[in-house]
Amino acid sequence: MPSPDRAVISSSANPAIAFVRSLSRRDIRAAERAFVVEGLRAVRDGLLAGQRPRLVLLRQDDRADLLLHELEIAPDDPVLRRVEPRLFDKLSEVLSPQGVLAVFPWPNVPLPDTRAPLVLVLDRLRDPGNLGTLLRSAAGAGVSAVYLTPESVDPWNPKVVRAGMGAHFRLPLLALDDAAATVLQQTLPLRAATAADAPLAYDAVDWTQPAALIIGGEAEGVSPTLAAWASQGVAIPL
């Protein structure tokens with residue numbers, strides 16, 4: 001019979017369950033510097049990136065051992081806890097849970113050493129799905145770092161993480177404060193703010209030089225402050 005602390009979790013009052021639920025709050029994520037990753041591929045991405053999870057919850061069903069094998073997690077790993085199926089499904093935020101979720105510390109992805117960085121600046125982006133999609137696209141495009149203004153949605157929001165599909169383990173995610181804006185202004189001669197009425201098309205820009213691409217929020221676009229900080233505007237012709 002398993003010891004009480006390694007038994008299959010069946011109570012919503014269990015500390016592991018309470019911890020995962022607490023991470024639905026932005027302030028708790030910030031205090032713990034941790035976030036929830038759900039699904040086989042997403043958890044595997046974190047492991048392949050060399051990240052050590054603080055906790056792994058496994059749905060205790062007939063797929064449990066197969067999931068452990070695919071994740072290459074030992075059955076006696078101290079971070080692993082098995083959860084009764086109905087309780088796991090209540091904890092999941094997706095309609096068809098894959099049976100595994102993990103709590104990872106915020107990755108400390110280093111800034112790449114490059115003479116021509118491409119930086120993405122996101123200003124007042126509010127929709128989690130949009131942010132996650134942009135992070136995924138940025139990772140695919142080889143973006144050096146992503147900076148977010150304080151008014152943007154939390155990048156560690158579970159919906160952002162799902163839409164990002166592993167981008168959180170590949171990109172430095174940084175806050176755009178006054179100090180960071182000053183450094184970027186000094187090091188990136190091209191700071192292109194997107195605007196529908198900008199006279200210059202995006203494909204007429206030399207993106208091989210040190211550059212920042214500034215994308216504004218869904219409703220308001222780039223803020224006046226960052227529009228003034230930009231060196232020029234760019235548009236996507238329609």
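User: Which residues form the nonpolar patch on the surface?
Analyst: Tyr-202, Ile-236 and Leu-238. Together they have about 440 Å² of accessible area. Keep in mind that this is a predicted model.

User: Where in the chain is Tyr-202?
Analyst: Tyr-202 sits in the loop between strand 8 (190-194) and strand 9 (211-216).

User: And how does Tyr-202 count by relative accessibility?
Analyst: Tyr-202 counts as partly exposed, because its relative accessibility is 40%.

User: How many bridges pair strand 8 with strand 9?
Analyst: Four, in the parallel sense. In strand 9, Leu-213 is the residue opposite Ala-192.

User: Now strand 5. Is it mostly covered or mostly open?
Analyst: Mostly covered. Five of the six residues in strand 5 are buried.

User: What joins strand 5 to strand 9?
Analyst: Six bridges, and the two strands run parallel. Leu-118 has Ala-211 in strand 9 as its bridge partner.

User: How many bridges join strand 5 to strand 6?
Analyst: Four bridges, again with the strands parallel. Val-121 stands opposite Tyr-147 in strand 6.

User: OK, charges. How many salt bridges in the whole structure?
Analyst: A search finds 14.

User: Why would such side chains pair at all?
Analyst: Opposite charges can pair when the charged atoms come close.

User: What does Glu-70 meet in a salt bridge?
Analyst: The side chain of Arg-44, at 3.9 Å from N to O. This pair links distant parts of the chain, 26 residues apart. Arg-44 is in helix 3 (residues 40-48) and Glu-70 is in helix 4 (residues 64-71).

User: Are those two buried or partly exposed?
Analyst: Arg-44 is partly exposed, with a relative accessible area of 31%. Glu-70 is partly exposed too, at 30% relative accessibility.

User: What about Arg-59, which residue does it bridge to?
Analyst: Asp-89. The closest N and O atoms are 2.9 Å apart. Arg-59 lies in strand 2 (residues 55-59) and Asp-89 in helix 5 (residues 85-91), so the pair ties together parts 30 residues apart in sequence.

User: How accessible is Asp-89?
Analyst: Asp-89 counts as partly exposed because its relative accessibility is 31%.

User: And Arg-86, what is its partner?
Analyst: Arg-86 forms a salt bridge with Glu-84, with the closest N and O atoms 3.5 Å apart.

User: Which of that pair is exposed, and which partly exposed?
Analyst: Arg-86 is exposed, with a relative accessible area of 65%. Glu-84 is partly exposed, at 22%.

Notes
Residues are numbered from 1 along each chain as its sequence is written. This is a predicted model: local features need pLDDT of at least 70, side-chain atom pairs count only at pLDDT 80 or more; totals for chains, interfaces and linings use all residues. Side-chain values use heavy atoms; hydrogens and water are left out. Patches are made of residues with over 30% relative accessible area and no salt bridge: like charges are joined within 9 Å, nonpolar side chains (Val, Leu, Ile, Met, Phe, Trp, Tyr) within 5 Å. Accessible areas come from the Shrake-Rupley method with a 1.4 Å probe; for residues, only the protein chains shown count as cover. A salt bridge is a side-chain nitrogen of Lys or Arg within 4 Å of a carboxyl oxygen of Asp or Glu. Buried means under 20% relative accessible area, exposed over 50%, partly exposed in between (1.4 Å probe, protein chains only). Two strands pair if DSSP finds at least two bridges between them.
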